[in-house]
Protein chains: 2
Amino acid sequence: MDQSDPFRDKRDLFDLPDGIVYLDGNSLGALPKAVKSRLREVVEEEWGKSLIAGWFDHHWVTLPQRTGDKIAMLIGADAGEVVVTESTSINLYRAIHAALQLRGGKAVILTEELNFPTDLYVLDAIERDSGGTVAVRRVKKDRLMENLTDEVAILTLTHANYRTSGRHDLAALTAKAREAGALTVWDLSHSAGALPVDLNGSGVDFAIGCGYKFLNGGPGGCGYIFVARRHQNKILPTLAGWMGHKRPFDFSPDYEPAGGITRQLTGTPFVLGIAALDAALEVFEGVDMTALADKAGKLGDLFIALVEEQCPEIGLACPRAAHLRTSQVTFRHRNAENIMAALAKRSVIGDFRPPDVMRFGLTPLYTRYEDVFRAATALKDILKN
Amino acid sequence: MDQSDPFRDKRDLFDLPDGIVYLDGNSLGALPKAVKSRLREVVEEEWGKSLIAGWFDHHWVTLPQRTGDKIAMLIGADAGEVVVTESTSINLYRAIHAALQLRGGKAVILTEELNFPTDLYVLDAIERDSGGTVAVRRVKKDRLMENLTDEVAILTLTHANYRTSGRHDLAALTAKAREAGALTVWDLSHSAGALPVDLNGSGVDFAIGCGYKFLNGGPGGCGYIFVARRHQNKILPTLAGWMGHKRPFDFSPDYEPAGGITRQLTGTPFVLGIAALDAALEVFEGVDMTALADKAGKLGDLFIALVEEQCPEIGLACPRAAHLRTSQVTFRHRNAENIMAALAKRSVIGDFRPPDVMRFGLTPLYTRYEDVFRAATALKDILKN
């Protein structure tokens with residue numbers, strides 16, 4: 001299977017430690033070799049030698065937009081619709097406030113009770129600070145459709161669930177939200193770079209995501225925000241700042257928003273972090289996202305088959321059908337935490353999520369079928385002993 | 001003067017390009033050599049080899065607090081009162097919302113009309129989004145004291161002015177604000193690492209600042225926020241997120257704020273950027289801030305004396321008395337923009353601020369008296385021709 005893998009050459013683009021089976025790229029992506037040379041160049045040549053002139057001579061000032069354009073290609077957005085800035089949580093705050101502004105008045109925000117925790121914290125703080133104008137409604141995944149009534153102003157969900165490995169039907173939920181007159185804010189942290197996403201094809205209004213999982217931007221790499229072009233110039237950003245000003249270097253005392261996605265920027269861009277992400281995105285050159293997700297599905301199918309055959313006491317905790325799964329598989333065992341620690345001792349890295357979930361990320365650019373086989377074998381050995 | 005400079009050995013800690021007189025470290029600090037090796041280590045060893053385990057094995061997870069503690073020592077704060085996160089603008093938003101929450105109800109925010117532009121944009125957006133409960137009052141610098149009445153809920157100022165090179169009397173204004181019952185939010189972007197700052201000695205409530213000027217953290221390096229210990233556990237952050245949760249790795253659906261300054265964190269910390277800043281702060285080891293500011297004063301005095309003697313058509317645009325200046329000197333000329341471009345051609349780097357301001361940063365850890373002499377000589381030659 002590895003020999004006929006259309007992505008087999010991609011693994012060489014990463015710096016992976018010898019002997020490790022790394023099944024945690026859904027949490028922190030591996031180091032692309034291009035990042036090493038790019039960061040050295042940015043630090044030692046651009047910053048070290050050009051100093052302040054780097055902002056224009058090395059185009060640092062447009063890095064958030066240029067890197068955003070690269071992400072746009074992975075998520076079905078157009079150039080000029082994505083910008084890289086701050087963290088996922090800050091971008092969710094930014095997107096929700098933009099959506100609230102477009103809607104005006106009182107607003108119900110609909111989300112899933114198993115949404116990623118930080119997303120729920122962001123929403124709850126917005127509700128608390130709203131003085132009674134915003135209400136967050138958390139419902140079970142299978143009740144989302146029926147709750148998408150005309151009462152709802154904003155639907156916000158994480159496309160791919162970090163824990164259950166289930167995915168939402170982004171297109172169907174967005175269509176239903178539009179029908180109900182609600183705006184959509186999708187968190188793509190666990191899907192961008194792993195699953196096909198077609199934001200504009202689905203009519204999504206806002207999306208956000210993180211740079212350090214499937215996008216391999218490094219620990220705590222910057223996040224991004226997508227704003228559909230039709231909304232961009234209607235929003236007065238809640239997080240206003242000089243990099244979103246029409247003429248930032250005029251240092252005017254009055255805010256005049258830039259046009260387009262640039263308006264979403266606030267403070268000075270994090271050049272080091274964005275440059276790392278920008279270089280990391282080179283690994284996606286020529287990658288067809290459908291083919292990539294197809295490989296993830298096959299990796300998952302193989303892993304599930306081996307584990308179910310060899311470890312009957314482990315329960316499957318994710319969808320069995322590949323097209324319903326995210327780019328990870330999840331199992332359940334009452335000793336999950338100890339098992340994951342034992343796997344790590346055998347150089348198989350996945351992660352544990354309380355109370356009993358074992359999570360294995362499948363990152364088809366560098367995960368081999370052999371890795372999945374080794375992980376399943378190690379799991380069998382551990383349970384036997 | 002250079003031979004008797006107590007900081008003469010510090011210049012060797014920086015990687016400065018040969019032949020350049022760099023007088024723009026107030027805008028982008030020079031590259032500390034320690035950053036190069038530290039970033040290589042973080043990327044190639046920690047991320048590359050430890051992968052996900054780096055969060056705990058290399059203590060990335062506490063980096064915002066540990067780097068914050070190093071900044072605390074430069075600004076008269078205690079350990080546990082500063083955390084490194086996001087940009088100055090985002091941190092100002094965070095601090096103002098925290099102060100508004102402590103005050104409750106309607107609020108007048110007092111600031112200076114020549115405050116740094118992005119700070120004004122942040123304040124104006126907060127006023128606009130407040131639904132009439134917040135009013136921002138911009139006054140001239142010399143009217144601040146008389147405007148500090150009991151009507152004012154929050155006083156927010158940038159300690160050192162980026163354009164006029166004037167500084168506020170932080171202690172006196174904070175004392176007057178306290179007397180009026182107002183909370184203070186100081187932006188230290190242009191003073192931390194350059195001037196003595198005594199936040200706790202002055203009773204300051206909140207402070208924020210940027211990492212890439214006098215702190216040398218690299219282009220767009222992360223900013224920081226100080227929250228006086230007495231307030232820390234009373235604030236429910238407006239920018240809530242998982243890194244501010246009491247037990248982030250429980251992934252609880254409900255937000256429970258961490259104690260202390262950690263509560264101010266939102267998303268995953270930017271490890272690359274914070275590690276760069278952390279390494280950069282090593283250059284301050286053993287530095288007495290009063291002695292550092294004393295050298296900045298002498299550098300400025302020399303520069304002013306040389307320019308006034310040799311270039312009578314250039315006007316002084318900053319305070320003449322060193323103790324009223326920031327760590328820069330500012331001149332004025334109707335051809336300022338062209339003069340700065342001509343200086344750059346002669347390897348003297350300062351910057352231009354519209355409409356007619358020439359700004360020269362004095363960063364006493366690496367600026368020599370010889371540099372100031374060369375800059376003044378180049379200026380004289382340019383004006384002669």
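Chain B can be laid on chain A with an RMSD of 0.0 Å, using a turn of 180° and a shift of 0.0 Å along the axis. That is the relation of a two-fold axis. This is a predicted model. Of the interface residues of chain B, 100% are also interface residues in chain A, so the copies meet through the same surface.

Now the aromatic rings. Over all chains, the structure holds 30 aromatic pairs. One of them joins A:Phe303 and A:Phe360: the ring centres are 4.9 Å apart and the planes stand at 85°, so the pair is edge-to-face. Planes over 60 degrees apart count as edge-to-face. A:Phe303 lies in helix H11 (residues 289-310) of chain A, and A:Phe360 in strand S15 (residues 357-361) of chain A, so the pair ties together parts that are 57 residues apart in sequence. Both A:Phe303 and A:Phe360 are buried.

Some rings gather in a group. A:Phe56, A:Trp242, A:Phe249, A:Phe251, B:Phe116 and B:Tyr162 form one aromatic cluster.

Next, two helices of chain B. The axes of H1 (residues 33-50) and H10 (residues 271-280) come within 8 Å and cross at roughly 145°. The crossing of H1(B) past H10(B) is right-handed. These residues meet:

| Helix | Residues in the contact |
|---|---|
| H1(B) | B:Ala34, B:Val35, B:Arg38, B:Leu39, B:Val42, B:Val43 |
| H10(B) | B:Val271, B:Leu272, B:Ala275, B:Ala276, B:Asp278, B:Ala279, B:Ala280 |

By class, the contact of H1(B) with H10(B) has 11 nonpolar residues, two charged residues and no polar ones.

Technical notes:
Residues numbered from 1 in each chain as written. Chains lettered and ligands numbered in written order. Predicted model: local features only at pLDDT ≥ 70, side-chain atom pairs only at ≥ 80, totals over all residues. Heavy atoms only, no water. Phe/Tyr/Trp six-rings, centres within 6.5 Å; stacked < 30°, edge-to-face > 60°. Helix = DSSP H or I, 4+ residues; strand = E, 2+ residues; numbered from the N terminus. Buried < 20%, exposed > 50% of the residue type's maximum accessible area, 1.4 Å probe, protein only. Axes fitted to C-alpha atoms, helices over the stretch in contact; angles between N-to-C directions. Left-handed = near helix turned anticlockwise from the far one by under 90°. Contact = heavy atoms within 4.5 Å. Nonpolar A, V, L, I, M, F, W, Y, C, P; charged D, E, K, R; others polar. Least-squares fit on C-alpha atoms with pLDDT ≥ 70 in both.
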